[in-house]
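Dear colleague,

Please find below the structure that I am handing over to you, together with its sequence. My findings follow directly after it.

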Amino acid sequence: MSIKSKQLLWFFAFFLVFELNIYLSNDMIMPAMLGIVGEFQAEAKFVPLSLSLYLLGGSSLQIFLGPLADAIGKRKLVLTGNTLFLLATLAVPLTASIEQFLVARFIQGMGCCFIFVGYAMIHELFDDMAAVKLSSILSSTTILAPLAGPILGSAIISRLDWRYVFFLSGLLALLSLLGLCKTMPRTPAPVARLDLGAIARSYGAIFSNRRFMFGMFTAGLATVPLTAWIGFSPLFVLQEMGASYATYIALQCVILSGFVLSSIAIQRLRQDFPLVSLLRLGGLIAAAGMLGAGAGRHHVDVFAACMFVYSVGFGLFNGALIRSALTASRESMTLTTAAMSLLYCIYLSAWLQLYNVLCQRFGYALETYALLNIPVIVVITACLLLFTRGMAGRRESEVLLARH
């Protein structure tokens, strides 16, 4: 292995720590959220609202960071984002009210805005299957964090104050910052100035690309059921069911481990495995799992097993869907991934708030959540079928062009 290859692997490793910590920080605090709203004498609706504001913070800067990445360099932006996240994380324990807590969480969530820059570098440096595999590993952090987060968070709050969760996250942020400073590749010299007209035209082309927009809508919607589970499960399990932290952790591990297993399976695929096959197989598995979870909503063990199946299917098609959507645009990969990150967070925040309103209306119960997921999976399945049909059509057109 060359020195350059080793450096790239170390860069990927520290970037993985940075991204994992961003999600881990949120998931470690979820078991303590009922205690936090109690300490601040706030209502239960602030539990999922904390997650929504964190995600909104993660959608607040991308549209500006995309051009800046091309203008001043990706390395500077990633390091700036890591520093911002570190400072905001250390500020959260200093809050004295639910309003201050939510503001600090919003600013902390801004660290998510800088993740797309690292994704852009990966998609620029690696070919299709390698990029899908690495993206799958990075995407698995969104599921690995909910597996490890509740365990770590429960262990901390059972012995210490909830504020120590953020002290641990701060240490991890410092580790990733130092590692990225040393290993992150230096990108080519940036352009001399920002061409605002060209940037506007590029964003216009990206947001008017129907395939990209359709792919990102599908990807965002497909992430909603698992993200909603992460945000609402303390209310479902700890409050409404009156279950223990052990039950809460066990359900998280069962439901979310499917994504991790599918990520491992993807690493074993051959380089030329068709992305369209991955999308179709994953979509069918996800649909079967989610419909089963809706049917078995009155039995927690059946519900958890079926949600595990959904997370397996989601893990299979998620990376391929994002890769296909990103490569649909011929614009700058940095701007395209910035647009991707912006849309992703907006979709998640909007759908989570809809879930929150409906759950507040019909009760924060497991049955309500399971029923809400049924129309969502119907739309996801239809979108995947349409998206893959478009991929097949494009492939046939390319074959005909090559013959002529």
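Predicted model: local features only at pLDDT ≥ 70, side-chain atom pairs only at ≥ 80, totals over all residues.

Tyr203 and Phe207 form a stacked aromatic pair, with 6.0 Å from centre to centre and 25 degrees between the planes. Both belong to helix 11 (residues 196–207), where they are four residues apart and therefore separated by about one helical turn.

A second stacked pair is formed by Tyr310 and Phe314, at 6.3 Å centre to centre and with 15 degrees between the planes. Because these two residues are four apart in helix 15, about one helical turn separates Tyr310 from Phe314. As to accessibility, Tyr310 is buried, with a relative accessible area of 0%, and Phe314 is buried as well, at 3%.

The search of the whole structure found 23 aromatic pairs. Ring pairs also build a cluster, which links Trp229, Phe232, Phe236, Phe303, Tyr355, Tyr364 and Tyr369.

I turn now to the packing of the helices. Helix 15 (residues 300–326) and helix 16 (residues 333–362) have axes that come within 10 Å and cross at roughly 130 degrees. Helix 15 is therefore oblique to helix 16, since an angle has to be over 145 degrees to count as roughly antiparallel. The crossing of helix 15 past helix 16 is right-handed. On the side of helix 15, the contact is made by Asn318, Ile322 and Leu326; helix 16 contributes Met333, Thr336, Thr337, Met340 and Tyr344. Sorted by class, this contact has five nonpolar residues, three polar residues and no charged ones.

Helix 16 is also approached by helix 12 (residues 210–240): their axes come within 8 Å and cross at roughly 45 degrees. That angle makes helix 12 oblique to helix 16, because angles count as roughly parallel if they are under 35 degrees. Helix 12 passes helix 16 in a right-handed crossing. By class, the contact between helix 12 and helix 16 has 20 nonpolar and five polar residues, and no charged residues.

With kind regards

Definitions and conventions
Residues numbered from 1 in each chain as written. Heavy atoms only, no water. Axes fitted to C-alpha atoms, helices over the stretch in contact; angles between N-to-C directions. Parallel < 35°, antiparallel > 145°, perpendicular 65-115°, else oblique. Left-handed = near helix turned anticlockwise from the far one by under 90°. Contact = heavy atoms within 4.5 Å. Nonpolar A, V, L, I, M, F, W, Y, C, P; charged D, E, K, R; others polar. Phe/Tyr/Trp six-rings, centres within 6.5 Å; stacked < 30°, edge-to-face > 60°. Buried < 20%, exposed > 50% of the residue type's maximum accessible area, 1.4 Å probe, protein only.
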